Structures are given as C-alpha cells and as structure tokens.
Amino acid sequence: MLVPALLLLLLFCFRGRAGLSPHFLQQPEDLVVLRGEEARLPCALGAYRGLVQWTKDGLALGGERDLPGWSRYWISGNAASGQHDLHIRPVELEDEASYECQATQAGLRSRPAQLHVLVPPEPPQVLGGPSVSLVAGIPANLTCRSQGNARPIPELLWFRDGVRLDGATLHQTLLKRGTTESVESTLFLTPSSNDDGATLICRARSQALPTGRDTAVTLSLQYPPVVTLSAEPQTVQEGEKVTFLCQATAQPPVTGYRWAKGGFPVLGARGPRLEIVADASFLVEPVSCEVSNAVGSANRSTALDVLFGPILLAKPEPMSVDVGEEAAFSCAWRGNPPPRVTWTRRGGAQVLSSGPTLRLPSVVPEDAGDYVCRAEPGSSDLGGAVAEARLTVNAPPVVIALHSASAFLRGPARLQCLVFASPAPEAVVWSWDEGFLEAGSRGRFLVETYPAPEDHRGQVPGLISVLHISGTQESDFSRDFNCSARNRLGEGGTRVRVGRRDLLPTVRIVAGAAAAATTLLMVIIGVALCCWRHSKASFSRQNNLLQTPGSGDGSSSRGPGEEETGSSEDRGPIIHTDHSDLVLDEKDALETKDPTNGYYKVRGVSVSLSLGEAPGGGLFLPPHSPLGLPGTPTFYDFNPHLDTVSPCRLYRARAGYLTTPHPRAFTSYIKPTSFGSPDLTSGMPPFPYAAFPTPSHTRLQTHV
C-alpha cells in the first residue's frame with residue numbers, strides 16, 4: 001500500500017510543476033424559453049487557449065464568434081478569459097434541441113443542455129359565439145377550440161363570474177407528424193331561466209402563458225314560464241274569501257293560464273288572478289297555476305292554512321262485550337288547528353280519557369251506557385263537535401220487583417217485575433209453590449211480557465213481565481212469587497208478594513167522608529139563615545123578586561103588587577151561598593109535608609141556588625128533579641122583571657119544611673168550565689152532577 005501512495009504523490013508534484021490542464025469553469029444547463037425571446041447557454045473554460053465550438057444535436061455550429069450560417073446564433077464573452085456563451089434570438093420552434101460546448105484541442109465536451117421552446121396558445125374560439133341561443137331546461141354543450149402550435153398543449157378552462165365551471169371534457173386532434181393541430185374543450189350544461197344573459201369565459205392556459213387567453217360567450221335563453229304563486233291572506237278561516245295571484249316570467253312571452261284545485265280544473269278561471277271561498281279541503285287540496293308559452297309550461301301550487309272546526313273522520317262504533325272483558329272505542333277528527341279529543345260518559349262531566357282512544361278494562365254492568373267522544377277546537381272562534389257510541393255489557397239478567405197495588409180477597413191482583421239483560425233473556429218465568437208459568441195463562445194465572453220504555457240512560461233493553469191473578473185466595477197473600485230470567489251468562493230473579501187490602505178501612509173512610517159532608521151542609525144552612533135575617537128588610541122592597549111556586553101548604557106566589565105578610569117564621573129565608581152561582585127553582589118540585597105528622601109544626605124550606613148569569617141576563621138552572629113536573633123551565637130571563645143586575649148567590653125560602661131536591665149541590669158540585677148541549681141518551685141526565693146518588697136521608701127531623 002505504501003508504493004501506490006508514493007506514486008500518486010510524485011504524479012501530483014510533477015503536474016504542479018508542468019501547469020494546470022484545461023477544464024470547464026461553467027457548463028450549460030437545460031433552458032426553457034418562449035418563442036420569440038432570447039436564449040443564452042453559458043460555457044466557461046479554464047487553462048485553455050484553443051478552439052471552442054458549440055454543437056446542436058451533434059451538429060457543429062462553427063468556431064467563429066458570429067457563427068456564420070446561423071443568423072440568429074452567436075457566441076459572446078471574452079475568449080481570453082475562457083468565456084464562450086451561445087445566444088439565440090429570437091428563439092423559434094426549430095431551436096429546440098440539445099446543445100454542447102466543446103474544447104476540441106483539449107478533447108473536452110460539456111454536458112448536453114436541452115433547450116425547450118414554449119409557444120403561448122392563441123385566443124380560443126367558442127363555436128356559435130359570441131352569443132349562443134339555448135333552451136332552458138334542455139341539456140346542451142358549448143365547445144371551445146384552441147388552434148396552433150402551442151407548446152406545451154394548452155389547458156382549456158370554463159369560468160362564470162370568476163368561478164371555474166366543472167363538467168368540461170378535453171379533446172385533442174393530432175397531426176400525422178405527431179404535432180397538435182387543435183385542442184377542444186366541451187362544456188355540458190342544462191341551462192335554466194336564470195342563465196339568460198349570462199357570460200361564460202373559455203380560457204386557454206399553459207406554461208407558456210400562465211395567465212391564459214380568454215374568449216367570452218353570452219347565453220341567450222328561451223325558457224318556459226317561471227311561476228310564482230301567492231295567496232292573500234295565506235291563513236284564512238273557513239268560509240272567507242281568498243285571492244290567488246300567479247306571476248310568471250317567460251321567453252317568449254306567456255300564452256295562457258290554467259287553474260286547478262286538488263288536480264281538478266277550476267272551471268271558468270282565466271288569467272293570473274283567482275278569487276275563491278276557502279273551505280277545509282284547501283288544506284289538503286292545494287291550488288295550482290299552470291302557465292304556458294311557446295317553449296313549454298310550468299306549474300306551481302300552494303296550500304292554504306284554512307282554520308276550521310272539527311270534522312269527524314272515523315265514528316266510534318257501538319260495542320257489546322261480556323262482563324270482565326275490555327272495551328275500547330276510537331274516533332278520529334280532523335281540524336285546523338288540530339282539535340283536542342276527550343271522552344266522557346253521557347250525562348257526566350268527568351273526563352275518562354284524552355286522545356282518540358278510550359279503553360275500559362274489565363268492564364262491569366255499571367259501565368254500560370253511552371260514551372261521548374268530544375272534539376274541542378283549538379281556536380275559540382270555531383265550534384266543537386261530539387260523537388257517541390253505546391257500550392252494552394253482557395251479564396246475567398238483573399231482575400227488579402216493581403211496585404204492585406194491594407188486592408182484595410177474591411179480587412184481581414197484578415204483580416210486575418222489570419228485567420234487564422244482555423244478551424236478551426231466553427225466558428222470563430213466574431213460579432210459585434205449586435207451579436210456574438212463562439207465558440200465556442194457567443188456571444187463575446196469566447203472564448204478559450212486553451218491552452220496557454227506554455229511560456235514555458244507556459241501560460240495556462228492559463222487559464216488563466206481569467203476572468195477573470184473578471180471584472185471589474188466602475194462600476196468595478202468604479206465598480212468594482218468584483220472577484226469574486236467564487241468558488247464556490247466568491240467571492237472576494226476585495221475589496214478589498201480593499199486598500192485602502181489607503174492606504173495613506175503606507168503609508170507615510167513606511163513612512167519615514159522609515159525616516164531613518153532613519157537617520158542612522149544616523154549616524152552610526146556618527150561614528144562610530143568618531144571612532137571610534140581615535137581608536130580610538132589603539129584599540122585602542123588591543117587586544121583581546124570583547119566587548118558586550108550589551109551597552107545601554098550598555100557598556102560591558104573590559103578585560108583583562102584593563105585600564108579604566106573616567111572621568119571620570112564615571117567610572122563607574133568603575140564603576146566601578158561594579156555590580157556583582147555581583139557582584135551583586123547580587115549580588111544584590116537592591110537596592111540603594110535615595115530617596113529624598103534625599107533632600111538631602115544622603115548615604119546610606124550598607131552596608133556590610143561583611148558577612150564574614146566562615147570555616141575555618138569565619140564569620142557567622140545573623135539570624128538574626125527578627119529583628118535579630115535566631116541562632119545568634131550566635132557563636129564566638130576569639131582564640123584564642129587574643131593573644138592576646140580579647143578585648147572585650141568593651136562596652129564597654118559603655114557608656114549609658126543609659126540602660133538599662138536589663142535596664149534593666151543596667157538597668159535591670163541581671162547576672163545569674162550559675155548558676154544551678145535554679146528552680139526551682136513554683138513562684143519562686142532562687147534567688153530570690144529576691147522576692150522583694141521592695142520600696138515603698132526605699129529610700131533617702128534630703125531636704123534643
């Protein structure tokens with residue numbers, strides 16, 4: 001290893017004494033230059049005084065500094081200092097090659113330097129420009145073309161309002177020799193009416209021209225109508241009027257309007273304006289306006305916010321469930337704003353549920369009834385609505401004993417029971433000790449069953465079963481009568497007894513009533529006698545006083561000019577009473593006889609009872625007594641005899657014993673509301689009160 005090292009040291013020393021060998025101080029580098037500009041490739045040598053030349057793609061350009069034969073080429077720099085730079089101006093495409101700097105006498109060659117010549121692109125062309133006509137909504141394409149020998153191949157870009165557009169494709173056309181003849185870029189777009197008048201820019205850009213070259217094109221759009229539809233007011237209450245306005249822009253102009261509601265044409269609607277009365281359907285059936293022109297048509301629709309009260313969509317259905325099962329009702333309402341739905345029982349105020357569904361788990365018979373689904377509107381200006389459904393609870397029959405009147409022994413009796421059952425009872429049976437009866441008759445017993453009147457409280461349909469008993473016996477009052485009913489869910493029943501009604505209390509009541517009537521009669525007579533004494537003087541001066549002929553002692557009525565004689569005992573009393581303006585004046589109705597057969601000289605009294613004035617000033621009179629004479633008048637006219645209104649409620653008594661041809665007139669007479677023609681059928685008296693039976697005691701006796 002020591003020997004080689006010594007050899008190298010000796011070689012270095014020898015070369016140092018002899019001088020430095022030629023070498024490159026600077027070699028050319030690859031260069032990019034635009035066509036038409038100047039290119040400079042540097043070359044510097046050291047320790048070299050010989051010939052220096054440049055080669056282009058291996059071809060020597062020459063050793064002279066001006067390079068004859070290459071008009072655009074020359075070598076610059078101080079040759080003594082070894083500077084040999086190659087200049088090319090203006091650079092053309094053919095200058096693009098590989099260049100070397102060579103020191104031929106020293107046998108030195110620089111590394112090759114590649115000269116790249118860039119050619120800026122020409123301004124691109126947009127086919128159909130500068131204004132392109134398109135139809136809105138129809139896909140179209142725009143083509144931008146760049147021609148020439150641009151180096152490198154330019155990039156074609158599309159811009160709108162400074163924003164690059166996507167969707168373009170690039171296509172190149174090559175020449176046979178491999179150079180590019182043209183470059184095209186196609187932009188695909190679907191224009192809209194908003195693109196009318198828009199300006200698009202095609203830009204050709206490359207490394208030779210980073211800023212690029214632009215070409216603008218203006219879009220001219222034909223488009224169908226662009227429609228805007230509005231309603232005034234947008235929120236409206238049902239029944240109010242609303243106005244729709246349809247506005248459109250179009251190129252070419254609009255040719256027609258068409259209105260529709262819910263997809264069906266609105267007859268008679270023309271032009272851009274529509275006035276119509278809103279209802280609930282407008283909320284779900286929008287109004288649409290279609291506008292047309294030569295290019296096409298466009299449609300817009302809008303739904304109104306219509307406020308309306310609840311509308312029933314699904315009615316609750318009646319249900320029939322067995323006891324213990326679940327019952328569920330549902331109802332559906334529509335309204336705007338949406339109504340609040342609650343459930344109650346008819347006749348009650350308690351809210352059972354809120355919402356469209358009511359559930360009643362494990363129902364009992366008491367749950368049967370009508371249930372109300374109530375929809376309360378969200379706005380106070382709108383009315384509510386209700387829907388009802390009936391719940392029938394199937395359960396064993398419920399039998400209730402109805403009140404029955406008491407019966408007399410050996411008289412008729414009537415027992416009743418009320419049956420509630422769902423499902424309807426298979427049978428309603430009456431049973432007692434020795435038998436039973438479901439329907440029809442058996443001996444003294446008869447059964448009738450008929451529907452009970454509905455009580456409107458939601459009860460299941462009821463039946464009334466009646467057991468008729470003819471000729472009750474002692475045993476009927478002590479036994480139980482069972483009323484029972486059965487259906488598929490069970491049986492129910494109740495016991496009913498016949499109430500007994502004795503005859504003795506009834507007799508006592510009748511006797512008491514008779515005693516009270518007799519007492520009342522005596523009081524009335526006493527009051528009448530008292531009134532007669534006080535009014536005796538005033539009536540003695542009356543010349544036209546009504547008198548009843550036919551006294552018991554054979555006396556007759558006095559004439560108008562005669563004076564009344566005799567003591568007060570011989571004069572009949574004038575009796576005042578409040579009994580219905582009734583005048584009883586029957587001529588010779590009764591003969592006045594002494595009830596004591598002369599033992600006491602008792603004089604009878606014939607009584608007259610006023611019945612009120614008849615038309616014309618007369619008085620209505622009751623029918624004549626069966627003891628009176630036929631043809632006795634029942635109507636008298638006082639006007640020819642009295643100058644003043646006839647006195648009311650006067651009783652005229654004449655000498656004789658007390659008689660009572662119509663005794664019930666004082667106790668049981670009821671004044672009729674009107675007087676019609678009497679019923680003269682056989683056996684019927686003219687007035688109803690005449691049909692009352694005559695008491696057994698028709699005379700009043702006294703004993704000393």
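**Disulfides and confidence**

Guide: Both Cys417 and Cys483 are buried, where buried means under 20% relative accessible area, exposed over 50%, and partly exposed in between (1.4 Å probe, protein chains only). This is a predicted model, in which local features need pLDDT of at least 70, side-chain atom pairs count only at pLDDT 80 or more, and totals for chains, interfaces and linings use all residues. Residues are numbered from 1 along each chain as its sequence is written, and side-chain values use heavy atoms, with hydrogens and water left out.

Visitor: How far apart in sequence are the parts that Cys417 and Cys483 tie together?

Guide: A disulfide, meaning a pair of cysteine sulfur atoms within 2.5 Å, joins Cys417 to Cys483, with S to S at 1.9 Å. Strands (E, at least two residues) and helices (H or I, at least four) are DSSP runs numbered from the N terminus. Cys417 lies in strand 37 (residues 413–422) and Cys483 in strand 43 (residues 481–487), so the tied parts are apart in sequence by 66 residues.

Visitor: How many disulfides does the count come to, and what is the pairing of the bonded cysteines?

Guide: By the sulfur distance rule, the count comes to 5 disulfides. With the bonded cysteines of the protein chain numbered in sequence order, the pairing is 1-2, 3-4, 5-6, 7-8, 9-10.

Visitor: Is the link of Cys246 and Cys289 left-handed or right-handed?

Guide: The sulfur atoms of Cys246 and Cys289 are 2.1 Å apart and form a disulfide. Cys246 sits in strand 22 (residues 241–251) and Cys289 in strand 26 (residues 287–292), so this pair links distant parts of the chain, 43 residues apart. Both Cys246 and Cys289 are buried. The angle about the S-S bond is -90 degrees, and the link of Cys246 and Cys289 is left-handed.

Visitor: Which strand holds Cys373?

Guide: Cys373 forms a disulfide with Cys331, the sulfur atoms being 1.8 Å apart. Cys331 is buried, and so is Cys373. The pair links distant parts of the chain, 42 residues apart: Cys331 is in the loop between strand 30 and strand 31 (332–336), and Cys373 is in strand 35 (residues 369–376).

Visitor: What is the distance from the sulfur of Cys530 to the nearest cysteine sulfur?

Guide: Cys530 is partly exposed, with a relative accessible area of 43%, and Cys531 counts as partly exposed at 25%. Cys531 is in no disulfide. Cys530 is in no disulfide either, and the nearest cysteine sulfur, that of Cys531, is away by 5.7 Å.

Visitor: Which residues is Tyr450 in contact with, leaving aside its neighbours within four places in sequence?

Guide: Tyr450 lies in strand 41 (residues 445–451) and is partly exposed, with a relative accessible area of 32%. Contact means heavy atoms within 4.5 Å. Leaving aside neighbours within four places in sequence, Tyr450 is in contact with Arg414, Gln416, Leu463, Ile464 and Val466.

Visitor: Which strand has the lowest mean pLDDT among the elements of the protein chain?

Guide: pLDDT is the predictor's confidence in each residue, from 0 to 100, and the chain mean is 75, with 70% of residues at 70 or more. pLDDT stays under 50 over residues 541–704. Where pLDDT is low, the predicted coordinates should not be read in detail. Strand 30 (residues 327–330) has the highest mean, 95, and the lowest, 36, belongs to strand 45 (residues 574–576).
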